[in-house]
Amino acid sequence: MIPCTMFPDIASDLISRLPNLRGRVIANQPLADFTWFRVGGPAQVLFMPEDEDDLGYFLRELATEVPVTVIGLGSNLIVRDGGVPGVVVRLGRGFNAIEIEDGHRVRAGAAVPDVKVARAAQEAGIAGLAFLRGIPGGIGGALRMNGGAYGRETKDALVEARGVDRQGKVHVFSNADMGYGYRHCSVADEVIFTQALFAGPTGDPAVIAGQMDKITESREATQPIKSRTGGSTFKNPPGHKAWQLIDAAGCRGLIIGDAQVSELHCNFLINRGSATAADIETLGETVRARVRETSGVELEWEIKRIGVGPQ
Ligand SMILES: Cc1cc2nc3c(=O)[nH]c(=O)nc-3n(C[C@H](O)[C@H](O)[C@H](O)COP(=O)(O)OP(=O)(O)OC[C@H]3O[C@@H](n4cnc5c(N)ncnc54)[C@H](O)[C@@H]3O)c2cc1C
């Protein structure tokens, strides 16, 4: 059992310094339930802005030494057991709009689940966004991770993204500005994306619906999507598939604490019920070491790890 971490409460002080704040500020908010793995400690402060202006105001007024971390739907995330010092921003209601615009475009707030964007595009006859059906995160996470599946990535459909920097200034990033690579975005880590504009060619809604159904079937057959997991743990190294290297290193099904390498897809780690974040991270590092020993390849974490170990 990990002892329950409590950070010093800085929330009341923050609120008193920000009289025009409209969003919610909560001290020592447990984060485990905001992640797919269901592990980890609290945020020292959780801030849920009301809208983009509120987010900008908060970041502008927040003392520069307070660290800020943004989370999305937590499907690619390990929150460490000691929690996350400083402020964790989670976008909610005010970032949930989807609009279809002229020119086969979809504008979506950063808190919209990817699957809803895929569905809105399908209904509007906009092709090229069905792949989002296969990614269980939100649009903010897709923008940051260049989320992709079934041969397409966020960068293939993105026109532009909006985001707010640590000084509270709003920026619009063109597709080129995002500096995309494989599961990589070059925009400064401090930027919190608030909205995306996607475009695609005209498509037949029935055909797109068929593509989405195929994606659903394929995911159910090949990924432990009903488990407490974080998706692909490691990036595929150039010229290799991470899962094959992990399998060849004898790690399929490996257990540490209550964390396990999935039997179904061995680039997925699973919380079997009572794993700690440390169990999962140690399991991941053990897999990396064994792959290094057996194949000489250094695996790079795709899953983002935030926060600190138990105090
Ligand atoms: C069962 C399963 C299957 C998966 N399959 C795929 C797949 O096929 N393809 C794929 O690409 N991924 C896959 N993933 C991983 C994950 O769904 C994606 O990486 C997704 O884009 C993460 O989005 P999220 O909202 O959950 O982000 P989170 O996990 O909450 O955060 C991930 C990163 O994005 C950053 N972030 C989140 N929101 C914002 C924002 N508004 N502004 C700036 N940064 C932000 C966070 O700081 C963090 O660094 C899978 C995960 C699971 C659990």
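Contact here means heavy atoms within 4.5 Å. Axes are lines fitted to C-alpha atoms, for helices over the stretch in contact, and angles run from 0 to 180 degrees between N-to-C directions. This is a predicted model: local features need pLDDT of at least 70, side-chain atom pairs need 80 or more, and totals for chains, interfaces and linings use all residues. Residues are numbered from 1 along each chain as its sequence is written, and side-chain values use heavy atoms, without hydrogens or water.

**View A. Helix 2 on the sheet.** Helix 2 (residues 52-61) lies across strand 2 (42-48), strand 3 and strand 5. Its angle to strand 2 is about 130 degrees. Helices (H or I, at least four residues) and strands (E, at least two) are DSSP runs, numbered from the N terminus.

View B. Four strands follow the order 1-2-5-3, with mixed pairing. Two strands pair if DSSP finds at least two bridges between them. Strand 1 (24-30) and strand 3 are the edges, each pairing on one side only. Strand 3 runs parallel to strand 5 (residues 84-90), joined by 4 bridges. Val68 has Val87 of strand 5 as its bridge partner.

View C. A backbone N or O atom of Gly148 sits 2.6 Å from a ligand nitrogen. For Gly138, a backbone N or O atom is 2.8 Å from a ligand oxygen. An N or O atom in the Arg183 side chain is 3.3 Å from a ligand oxygen.

**View D. The ligand shell.** The ligand is surrounded by 36 residues, each with a heavy atom within 4 Å of it. Helix 4 gives the most, with 5 residues.

Conventions:
Polar contact = N/O pair within 3.5 Å; in protein donor to acceptor, adjacent residues only side chain to side chain.
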